[in-house]
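Consider where open space is found in a protein model, and which parts of the chain surround it.

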Amino acid sequence: MTVSRVSPRPALPPAAYRVVTRTADGPGVATLVLEPAGAALPPFAPGQFAMVYAFGRGDIPLSVSAIEGERLTHTVRAVGAISRALHDVRPGRTLGVRGPFGTGWDLSAAFGRDLLIVAGGIGLAPLRPVVNAALAAPGRYGRLHVLIGARTPGDRLYTAEAESWRAAGARVGVTVDRPDGAWTGDVGVVTGLLDRVAFTPARAAAFVCGPEVMIRATARELVHRGLAPDRIRVSLERTMHCGTGHCGHCQLGPLLLCRDGPVLDWSRARPLLSVPEL
Ligand SMILES: Cc1cc2nc3c(=O)[nH]c(=O)nc-3n(C[C@H](O)[C@H](O)[C@H](O)COP(=O)(O)OP(=O)(O)OC[C@H]3O[C@@H](n4cnc5c(N)ncnc54)[C@H](O)[C@@H]3O)c2cc1C
Ligand code: FES
């Protein structure tokens, strides 16, 4: 089945949000806290994304990396013109925001289970609210494992916050691809950390986000360890334009990822990712 491509409908105008704080989070990465400068958008759920507009440049999809009341937090890595403009924005400036868009992680489906949160690079951003929500509800879930892969020690995100996750009882593992002289931790791909995690497949759920190659390797390993594919939630990326299921830019097989994703069960994502150039 293919998705018919229709002309983009005029998108809703973006809501104005003011940048309250900007925190540098490693080379080329910044975390922005935004508050409504007028009417607030409807509430976002962890895993959903906004189309964030740098005036005069354009808009890009960014996941929410924290949600506090009407405030939205986004962590942006500068890779091109728009993400660079958002990365460089200063407190006090106004951005346009549309949303909320897409599916969320649906943490409630994992009540009572051990949680395996596996993140590569900027993929930790959409998973951060999952970690914080799990820690805010002690007793609702089993053990919380957070496995983080970064290119270098300097590329790790939320380093101070990761310490607070440890202090609150999460088992946090971090590995880097390229260590520096001071690094004494793990080196290698994030799937290597999974070997040291003990979990009962029938009582676990996994949430995975990162580069597609890392998602495939992690999901494959989790299935190999006995986790059911519909207990593995992954967040996928495709180019997005409208965010509302009308332009077809984000098509993946029969799905429009802005509407049917970005978060999918591995049972649904796996067959689509195994077809080259889909
Ligand atoms: C649902 C969803 C949620 C996302 N959440 C976040 C988020 O929370 N934080 C964040 O930083 N990014 C996130 N992204 C990715 C982000 O939208 C892109 O990095 C952005 O669209 C790039 O736009 P640009 O105009 O700056 O660069 P472009 O001009 O589009 O790209 C510049 C160069 O970077 C490459 N590029 C584009 N996207 C990526 C990418 N994702 N990774 C590596 N290289 C890339 C391009 O191939 C090109 O070579 C998300 C994407 C999706 C679909
Ligand atoms: S259909 Fe337009 S971005 Fe998904």
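Helix α5 supplies six residues to the lining of the largest pocket, the largest share. Helices (H or I, at least four residues) and strands (E, at least two) are DSSP runs numbered from the N terminus. The model is predicted: local features need pLDDT of at least 70, side-chain atom pairs count only at pLDDT 80 or more, and totals for chains, interfaces and linings use all residues. Residues are numbered from 1 along each chain as its sequence is written, and side-chain values use heavy atoms, with hydrogens and water left out.

The largest pocket holds about 1300 Å³ of space. On a 1 Å grid over the protein atoms alone, a pocket is an open set of points where a 1.4 Å probe fits, with protein on both sides within 12 Å along at least five of seven lines; lining residues have an atom within 4 Å of a point. There are 50 lining residues, and Arg77, Ile122, Gly123, Gly210 and Glu237 are the closest to the centre of the pocket. Elements that give two or more residues include β4 (58-63), β6 (71-77), α2 (124-135) and α5 (212-224). Because domain 1 (15-101) and domain 2 (107-273) both contribute to the lining, the pocket lies between them; the domain bounds come from an automatic or database assignment.

As for the cysteines, the whole structure has zero disulfides (pairs of cysteine sulfur atoms within 2.5 Å). For Cys209, the nearest cysteine sulfur is that of Cys250, 16 Å away.

Notes
Chains lettered and ligands numbered in written order. Points joined across faces, edges and corners; volume = space filled by probe spheres on them.
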